[in-house]
Structures are given as C-alpha cells and as structure tokens.
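Please examine the sequence and the three-dimensional structure shown below.

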Amino acid sequence: MKIRSLACLVLWASGACCGLAAENPGLAGQWKLDTSQGSSLKPWDAEKLTITIQGDAIRFDRHLSWSPDRRVADATTLKADGRTVTVNAVPYWFDSWYNNAFIGTDHVKRVSGEWLEPGRVLKVETALFLEAQQGDTPVHIYDEYHLSADGRTLRLFELRSTRDQALSFVFNRE
Amino acid sequence: MKAIRSLALIAGALAALAPALRAVPGDPGPAPKTAYAIPVRDNWELTGGLPENALILSLQGLANTDAPRVYIDYPADWHFHDFSPVKQFYATKYGVAFTQLDTPAAALRTLGHFARGYVVWDQKVRTSLNVAFTAAGILRAVVVDQDLIPLAEAQGLPRLADFRGRFEGWTDVQIYQWAYDRYWADCSRDYLLWMGGVEGDVMEPGVADLGIAFHCFFADLSSDPKDTAEYAFEKRILAQMKPGSFIFGWHPYGKDTEGQWVTLASGYGLKIIGLNTFPNGTFLSQIGFSPGFRFTNNNHVTRATTLVAEPKVYISLEQSDSMGIGAWTEPERGKIPYDWDVGIDGMRWYAGVIEMFVQDKTPNDYFVGGQSGYMYPVAIPDSRFPALMQEMNIGMAACDEHVVGIMDHTRPRQAVPVGYNDLPKRTVDEYYRYAPDAIGFVNGYAAAHTYDLRNGQAFMSYDYYLDQHRAEDDVVADLNELMRLNPKRPYYMLVHVRESNSIKRVMAIIRRLDEHPEVVPLDTFLKLAASNQTYKTRYRDEPPAP
C-alpha cells in the first residue's frame, strides 16, 4: 500500500513537473511591464514585450505607449551564442527620453547575447552611439534577463556605461 | 408708418451705440478708484456650482466691457493661483477700494443694469453654455440656467434667448453651426474664444468674461483632422479672423492635443492666450502699470559683451509657462539664478500682475522674452512672420528683455516624441534675421537638438525637461548621464524647469550633481556658449525630398 502510494506520489510529482515544464516556455512569450515595481519608465506609461526564441535566435518586440496618441514600437534581434554580433537598425532611441539623447548618426546598434543559465538567465550586450548636444558618444549597455522559477515573472537588470544608476524592470507574463 | 420710422431710428441709435460697447480690455489705462469683488464657488460641475459661476462671469464680462469694475475672487487652488495676491496689490499699490458682493443676488442687484436681459443654457447639453456665452456678448445678457431664471427676472431682466431643449441630441458641429448662423455675423474678428480644458460634466470658464466683453464666438471644436466635420468647421472660423488676432482659452483635452490646436491656429497666423482658466482678463487688461513703474530686468551682459567659458559645466534653469502658475511666490526664490519666461503679451493683458512680480524680483531672477502666447513659428505663414518679429522686438525692448524664448510643437501626428521641439534651419534663419539685437535664443519645451552660433548669438535648446513627477534620484542620474554623454568642457546644460517643480527641489538636485556645475543666468549662459562652441550645429531632421 505504502509502495503504491509512493509510486502515485512520484507519478503525480513527475506529472506536475511535466505540466509545469509545459506551461513554462522560458523567456518566450508575451510580457507586460509592472510599472509599480522597478525603475521608472517615464515618460512611457506602459510597455508590452514579446520575446520569440527559435534556437539561438532571439527577438524582442517592444510596444511602448504614453497617453493615447503616443505609441511606438521597436525590435531587437540577436543570436544567443556568445559570439555573433547582430547589427540592428534603430530609427529612434526610446530608452532615455529625459536625457535628450537621440540614436547616433549611424542609426544602428550592435547586439550580442548568451545564456548564462540556459532558458532562465540571458545576457545581452549592446554597443551603440547616442547623439547628444555635442554629437555622437559611444555607449555600452549590459542587460540580464532573469526568469522566475514559476516562469511567471521576468526581471531585467540594466547597466548603461554613461549612467551610474542601475535600472531594473519587472515584467509579468500575459 | 411713424411706428416703423421710430423703430428704425431706435435701431439706428442702438447700432450707433454698439461700437461704444466694444471692449476696452487689452488697452491698459489708469486704475479705477473703486471696484467690486465677487467670489465664485469652488465647484465647476454643470449641476453644481457652475451655473452660479457662469452667471457671475457673464456679469463680469458685461460690467467690465468699457471699464475695470468687477474682480472675481477665485478659489485658492485655481490654476493661476499666483495671480491671487494681485487684488491686494491693486488695493495697496494702486489704491483701488474693493466693495465685496458676496452672492449672485447681490451682484445682480448692484450690476444688473449692465445687462439687457438674460439667456438660458441647458444643463443637459454642456455645449449650450458656450452658445449662451456667445449670445451673452452679442445680446448683452447674463447667462443663467433654469434655476437662476427667477433671480434674473427679479432684477427686471427680460429673456433674450432660451436654449433649453433646443440642442438635445445634436452633435457639437450642429450646435455650433446653429450658433454660427445666428451670431457669427456680429462676432469679433479680432478675438476668438476657445472654451476647452477639462471635459465631461465640468467646465472651468475663467476666461469667459473676456469673450463676452469682446463679442467673441465661443467654441471647443476639435483640431484633430480625424474629426473631419469639427476640424473643417474650425478651419472655416479661423480663416475669417483678421491677421494678428488672438484666441483666448485652451483646447479641449477630450478632443485633441495642444500640438494639434496650436499648430492649426498658428497656420492662420493667430496667437493664443491661454488658458480657459485665465482669470479676470477684463479687469487686469484695463489697468496698466502704476505711475512711475518701469519694467527692468537683471541684465548681466549686453549684446556686445564677450565672455570666456571655462572648461566646466554650466547650467541655466528656466521656468516657462509664465510666472502665474509656477514657483515665483516660493520662499526659496532668489537663492540661485533662475530664468523666468515673461512673454511680451503679459504687459497688455495683465500688467498689474507683471508689476507685482517684477517689483519683487531678486538679483537672481532673470526674465526671458519672446513672442508670447502660444504660437508655433514653424507653422506661422511666411507673410506674418516679419510683423510678429517686429512686435516681439518692440515688446521685449519695453520689458528690458534680451533673450528670445521659442517653443514649437508642430508635429502633433508624429507618435515618436523624439525631435518634437526641433526647428528646421529655415526657422532658425528667420530668428537670426529678424532678431539681430538679441543676446541669444533658447528653444524647446521638452528637450531638443537645435543648436547654432552666428554673429555672437548662441541658439541653444533645452537639454533636459525637469518633470515635476520624476523622482529626485532619477533626475540626478539623468543629469549626470547628460554630462557623460557630452564629455567636452565647457558643456552648456539648459534645463527647462516645469513650473510645478519647487525651487527647493531644484536646489537639492543641483547640489547632488557630480561635477558641481555653475548655475548662471540665461544671458550669461548664452554669452558663454557663444565664446566656445562645443555643441554641434544642428536643426530638425527633415525627411528626404521625394
């Protein structure tokens, strides 16, 4: 009887685990920024993030909005192999509105990525130029995406070479 | 036959009298010895305090049409709260003795003779109040809702128009078309009233007295091209205004954006005096400076001065949006150099307020000029630009102002809020051409990237918009980052301080910055910027030619 119970428990646990795994697609999916936590995203009021993963290829699609008439979107692609640098076109730079920084005159960013913990912790590094009053300045951005154990929460930690304040953002799965 | 002839004579006499009733507001003169003060309720709901407040505002417009007789006491938290002390200023500095009329009944008893009758608006149709305001100016009537009819009739006032039930189920375009057909021929072509602002069951028509005194057409049509019918109607109205005319009021928040509205008005060469909450316009604009007063600025340099910038960071802090809704009355004013936007139209429309502010200036307060009102230079027709610049130069000279402030926001349809406030080269060229005697130019509202230097005149843009809601830590990080993004020294950091920021907060932020920048007044800042151009000459990005 005890053995049967134990077997059931094992079966139940493995099933639950399998179920969890089935419900946890890693970073891939649709995410919504929780503006009550983390750094301020202002002037943006909301962000929706879609992450698509196909092998090493990862794509981030962001949709930012600010009041009813200001809605913007951008996309970033990278290869998470720790080697490949992907050049992304950047029509506008949305991450530093207050700083009066435009995307540099080359309008590109160079992005590379690597799984620090497969499926759970992703490192993304970006090199780009930002244009300010005095012209273009090189900027390096270091991002780490951390997925919670239950797969429901995604945390982004960001360091920008020009900024001494680390940024963090919390996303909830949609 | 005799009766008809008599009627014709009476009509002719009334017509002859009509010009005499045209408002004097906007033509400042000496202060009166006496005036009445009437409070309004701190409730602007259609079914709350608005009916009584609208009655008082209409009475003010009628009574003040040819002289400043009535001052309205607004609640302490009214948008133009800094204007409130001006009543006491008029009493002490100008010697105006105010008699208080504490109720609408008392106000009507005392001032009802300025009205020829009353018009009734419909509480169920918000837009009917704008039609009633238009009718009030044309017919010389006070504005009442159903409940206030007995009060008006108790003063022997006849009913001149009644909009109850007339507009139910109509669209705004239909209502305004009806008002247009009925009143537009008699409305001013020099002044227009845009009663926008808050929407829904609230209206804050502080500027209505000016509209009534000036026989304005009142509307709140949409400037969003998507609202095809309203947009077309608005354009039809604007096209009929005289060159150089003013629009008082503000755009309707629920229908369009500020950028859409000001761009449209500027396209017809019209200037806007905001907001819909602008208080006591008919009173303030008929009283000039007190005898002997002269507007003077704290000038630190002249056009010919040459300064040499040191290899460090310079900051200048400018609060725009006039002094009436900002930090001027805070105790910290004067502790650091601060620049205050005082457009040239203030002298015409609220000289007493300007005098009250200016007489109280500290050595650290510096006034910045420019074509005030809301006017986007990029949208102004070429034919109007020289006259506006000439007007600006005359006004700035009278105000002892020597720095030109510019704001443009002509890309309302662009969702991306980047480069929004930049100017194309042709507009920069025009400022250099028409303001050769200015010390320099400052541009933007949000940050912008328009920079230039010609003939010793620096053309700088705001590098930072200090949002009153942004956390202090974030602002400090932003400003420190700006210093990293601009590594050459000298670096000239021009900060637009949104008016709701306290000076205390700004001082705390400045104290925490990494490089301990030197805060300087704007004229000095521009001369320093002219001495060593570390900034990149840049204008608005223009799309490639097709």
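Predicted model: local features only at pLDDT ≥ 70, side-chain atom pairs only at ≥ 80, totals over all residues.

Residues are numbered from 1 along each chain as its sequence is written, and chains are lettered from A and ligands numbered from 1 in the order in which they are written. The quantity pLDDT is the predictor's confidence in each residue, from 0 to 100. Chain B averages a pLDDT of 91, and 92% of its residues score at least 70. Over residues 1-23 of chain B, however, the pLDDT is below 50, and this stretch has five contacts in the model beyond near neighbours in sequence. Two residues are in contact if their C-beta atoms, placed from the backbone, lie within 7 Å. For the complex, the predictor gives an ipTM of 0.87 and a pTM of 0.86.

Consider next the sheets of chain B. Helices (H or I, at least four residues) and strands (E, at least two) are DSSP runs, numbered from the N terminus. Two strands pair if DSSP finds at least two bridges between them. One open sheet of chain B consists of three strands in the order S5-S4-S6, with parallel pairing. Its edge strands, each pairing on one side only, are S5 (141-144) and S6 (159-162) of chain B. The twist averages 25° from one strand to the next; angles run from 0 to 180 degrees between N-to-C directions, and axes are lines fitted to C-alpha atoms, for helices over the stretch in contact. Strand S4 (residues 117-120) of chain B is joined to S5(B) by four bridges, and B:Val120 has B:Val144 as its bridge partner in S5(B). Helix H5 (residues 127-139) of chain B packs on this sheet, touching S4, S5 and S6 of chain B, and its direction makes about 160° with that of S5(B).

Another open sheet of chain B has four strands in the order S14-S15-S17-S16, and here the pairing is mixed. S14 (403-406) and S16 (452-454) of chain B are the edge strands. Four bridges join S14(B) to strand S15 (residues 440-443) of chain B, and these two strands run parallel. Within this arrangement, B:Gly405 stands opposite B:Val442 in S15(B).

Pairs of helices also pack together. How are helices H3 and H13 of chain B oriented to each other? H3 (residues 86-94) and H13 (residues 351-358) of chain B pack at an angle of about 85°, with their axes 10 Å apart; they are therefore roughly perpendicular, a term for angles of 65 to 115 degrees, while those under 35 count as roughly parallel, those over 145 as roughly antiparallel and the rest as oblique. B:Val86, B:Phe89 and B:Tyr90 in H3(B) meet B:Gly352, B:Val353 and B:Met356 in H13(B).

The axes of H7 (residues 172-183) and H9 (residues 228-238) of chain B come within 9 Å and cross at roughly 25°, and these helices are therefore roughly parallel. B:Asp172, B:Val173 and B:Tyr176 in H7(B) meet B:Ala229, B:Glu230 and B:Phe233 in H9(B).

Finally, 29 residues of chain B are in contact with 24 residues of chain A. On the chain B side, strand S18 (464-466) and helix H16 (472-485) are the elements that give two or more residues. H16(B) gives the most, with eight residues.
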